Each structure stands twice: as structure tokens, then as C-alpha cells.
Amino acid sequence: DGARIFVESTKINVKPQGGGPKEDSQAYRVAVTLPARIRIKFTGDGPMYTVTYNQKRFTGLWLPALQAFVEADIKVKDLVMGEPGQSLTIGVNRLENRIDLKEGAPGVWSGPSSLQAAGIFLDTANGKKAIGLESMVLNSDISGLKIGDLDPSAKKPAAPPGTGPLIRLATPPKPVGEAVAAEEPDKSAPGGSLDLTLTNFTAYGDDGQPIASLGEMSFGAKANIDKPHASLAVTYAHSALESEAIEELKTFLPHDASFGLSFERIPIEAAVTAFFALLMQAGTDAETAPQGLAKQPSAVNMPDLFTGIRQSLHQAKTQLRAKAELIAAQASLKLDGGLDADAEALYGVSGGFDIVINGLDEIKEWASSDPRHLPQAAMIALISDIAVSATTAEGERIAKYRIDITGDGKVSINGQDMEVVASLLKPLPGTEKLPAGEQKPA
């Protein structure tokens, strides 16, 4: 694509140091002195961008087996990337990167790392502000990282053909009277977390005045692969979203929001076995088989496979949990609840969610005030009718809902069967959909 990076003289001081994960490995203490500038061309005929900065420090411990730094301390100030015409300038006042991984058991590494940037900006022609960001912080924490698992040259013994469970994912029950050993998590199992936080984002208009701002936005993820069960969680949140240009912020677009989703007690062996079984099934159909995978005789009984998955999730007591909060100028919503794996349930799960809405009357008024909102008005009216009303300590009226999903596959809202509730939903006059070819009478 013609992209090129031009790096001038760079000084690298390397000192071998013992302590690698294998006797024949070496770790290297590294000190780097970067050149005063780096030039970049993203396309062959594009402009040449120049990156300048003020390096404060750049030291680390390089581990060849991992092909990465296990320790690092890097700080750069006044980093600016611009092109000759100055039509675009990107800058960071301060950039720091720290890594601190430590070896516990031989070949197993754990520890935190962080990347922090402060004073981030994007300017257009003549130095006009386009975007500003006070800070960005990316924190991660790794545990149980086994270098041997990352080494492609490491040979692992293959299981003899035909051995191991393919369809029977669930653990056979113990004979009556036989004690069941307590499950112990694998303390050396890998895991990790990642958290990204952006603070005080501002977007500017052509006149240099702010047109939108966001106080904070964050993303998070956490995973633990503790055999026999794993867990996974993701989160998102933002706060203080403001913009005069976005009319919906004055009504029901959330200026503050948070969301969390987690999966607990995922049976690892069953999940991996099911994944490979599905890949094998893909190879039995020439039309759906991945390129290069010849059509093979079917080795997977799909009904048995899914029955095994349901049984495995049930035995592991797998859970899904969800929590959310949305806060807008005229309304708010909270959700909290989850689903449990249930092998006997029609859909394989059972559980429920609690929902609290503040501002339902305002939502009804919004729906009825504009003909464009009429298609939603019937649904909102029905939701209002089946609500359980309550009053907060501050005297505000709230609407409560309990959604239950039962083992027989029925969904109810505040005790009312969802199928019955849906049958009551009729379009408001003037919003009905006519059969094809028919027109409304004049």
C-alpha cells in the first residue's frame, strides 16, 4: 500500500540477563534512546507526517520467549504528529506506559500494565480545535500467562484417535452413595482484566466553540479460566453527555448510562468440545464447509450435541447476569436479573429480570403528542396498564415490572402471560397496516 516509516539514528543498549523461563533462554535489559523525530507516509503519494516528542525515559526487560517486554517504563512528553500543510495535527501532552509482569511458577507470568495519555487533541487547519480529551487510561492485569502455550514450536502430545468425549459433554452421575469430590479452581489458570477510561471529551464546531461533551466513558472486560469452570464479564458506562445539537438529550436519550453482563461457571471442557464438534459438522456439508475442508462423513449427532451442552451447563450451574441503568432528562430505567441454565426447561434456561421505570407518564405524553409517535403509543399504553405502581421516598411515581421465564417456556410480565398481553396489543386508529394494494378511504 506504499506506507513507510522513516526512523533516524536510534540508540539501543542491550544487556543479557538471566531469569528466562527456560535454562537456554535469556532476558535482556534494554534502554532505548529514540531519534528526535519519526516521519510517516501512510500512502505512497500521500503527505509526509512528522512525529516529534520529548523522550523522558524508555527502559524495559525483553523476554524473547514471549516476544514482548515483561517490564517497561516509558514516558514521552509533547508528542505531536502533523503534516506540512498543517491541515491536521494530533497531539498528546504526556504519554506513559508501564509493564510489570513477574514469573511465579516456571514459565507462568502475571502482573499489571498501564497506558496513560493526557492532554490529547486534534486540530484542523490554522490550529482550529476539533477534538479534545483530558485523559485516556488503559489498565490491564494478566494472571497465569503460560509462555509454553504461546510458543508455536512447542510440541504438545496429541490425544489418540477416537478417544475423549465428543457428544457426551456432561459428566456421568456418580453411583449412589459415592462421594463427590469438591471442585477446586485451578490457581494457575490464565485470566485477566482490561479497563479503558476516557475523561472529559469535547468536540468543537467550526467557530471553535464546544458542540458536544462527555464527562467520562469506560469499557471493561474480565475473564478467568479456572478449570473446570470459567467466567466472563463485560461492562460499559458513560456520564455527563451534553450537546445542544442533540434534541433527544432534552427528553429520553440517556446522558448517563451503565451496563454490565456476566457469565459465571462456564464448563470449559464442554464448551471446547462443543466448538470442535460444530467445526466437524461444518465439514460434513460441502456447501458450508470452510475452504479446503473436504466433505466428510458426519461424525456429530446434532440433537445429542445440544442435549449434551444443556446437560453440561445445567451440571455446572452456569448463570447469566445482567444489570443496566439509563438516566435521561425526563425518564430513567433500571434493570437487574439473570438466567440460570436448566436442562429440564423448554429453552434450556429459566430466571427473570426486575425493571423499574421512572417517568412513564412523560413517555406516554411524548408518544401521544406527535402523530409520528403513534406506532409506539399502543405499546407504551399497554406497558403502563400492566405496571405495578410505587412511590419513591422523594415522592416520585415509578413503574415496576417483573419478567419471569419459566421452565415450560412461558414468559410473564407482572404475573401476566406474555402471549395474552401481546394479544391485547392493537394498533391505534389510523396506524393500522392495510393489506397490499389497499388504500385508506378518503
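This is a predicted model: local features need pLDDT of at least 70, side-chain atom pairs count only at pLDDT 80 or more; totals for chains, interfaces and linings use all residues.

User: How many helices and strands are in the protein chain?

Analyst: Helices (H or I, at least four residues) and strands (E, at least two) are DSSP runs, numbered from the N terminus. On that basis the protein chain has six helices and 21 strands.

User: What percentage of the residues is buried?

Analyst: Buried means under 20% relative accessible area, exposed over 50%, and partly exposed in between (1.4 Å probe, protein chains only). The protein chain has 442 residues, and the buried share is 28%.

User: What share of the contacts with a separation of 6 or more joins residues 24 or more positions apart?

Analyst: A contact means heavy atoms within 4.5 Å. Among contacts in the protein chain with a separation of 6 or more, the share from residues 24 or more positions apart is 56%.

User: Which residue follows H3 with a positive phi?

Analyst: The phi there is near 60°. The residue is lysine 317.

User: Is serine 135 buried or exposed?

Analyst: Serine 135 belongs to strand E10 (residues 129-146). Leaving aside neighbours within four places in sequence, its contacts are Ala117, Ala118, Thr197, Leu198 and Thr199. Its relative accessibility is 16%, so serine 135 counts as buried.

User: What is the area of the nonpolar surface patch that includes Leu279?

Analyst: Leucine 279 sits in helix H2 (residues 268-282) and is partly exposed at 41% relative accessibility. Patches take residues with over 30% relative accessible area and no salt bridge; like charges are joined within 9 Å, nonpolar side chains (Val, Leu, Ile, Met, Phe, Trp, Tyr) within 5 Å. Accessible areas come from the Shrake-Rupley method with a 1.4 Å probe, and for residues only the protein chains shown count as cover. With Val272, Phe275 and Phe276, Leu279 makes a patch of about 390 Å².

User: How far apart in sequence are the parts that arginine 29 and glutamate 71 tie together?

Analyst: A salt bridge is a side-chain nitrogen of Lys or Arg within 4 Å of a carboxyl oxygen of Asp or Glu. Arginine 29 and glutamate 71 form one, with the closest N and O atoms 3.2 Å apart. Arginine 29 lies in strand E3 (residues 27-33) and glutamate 71 in strand E6 (residues 68-82), so the parts they tie together are separated in sequence by 42 residues.

User: Which residues do salt bridges with shared partners join into one network?

Analyst: Glutamate 96 is buried at 10% relative accessibility. Its salt bridge with arginine 94 has closest N and O atoms 2.8 Å apart, and the one with arginine 98 has them 2.9 Å apart. Shared partners give one network of Arg57, Asp73, Arg94, Glu96 and Arg98.

Definitions and conventions: Residues are numbered from 1 along each chain as its sequence is written. Side-chain values use heavy atoms; hydrogens and water are left out.
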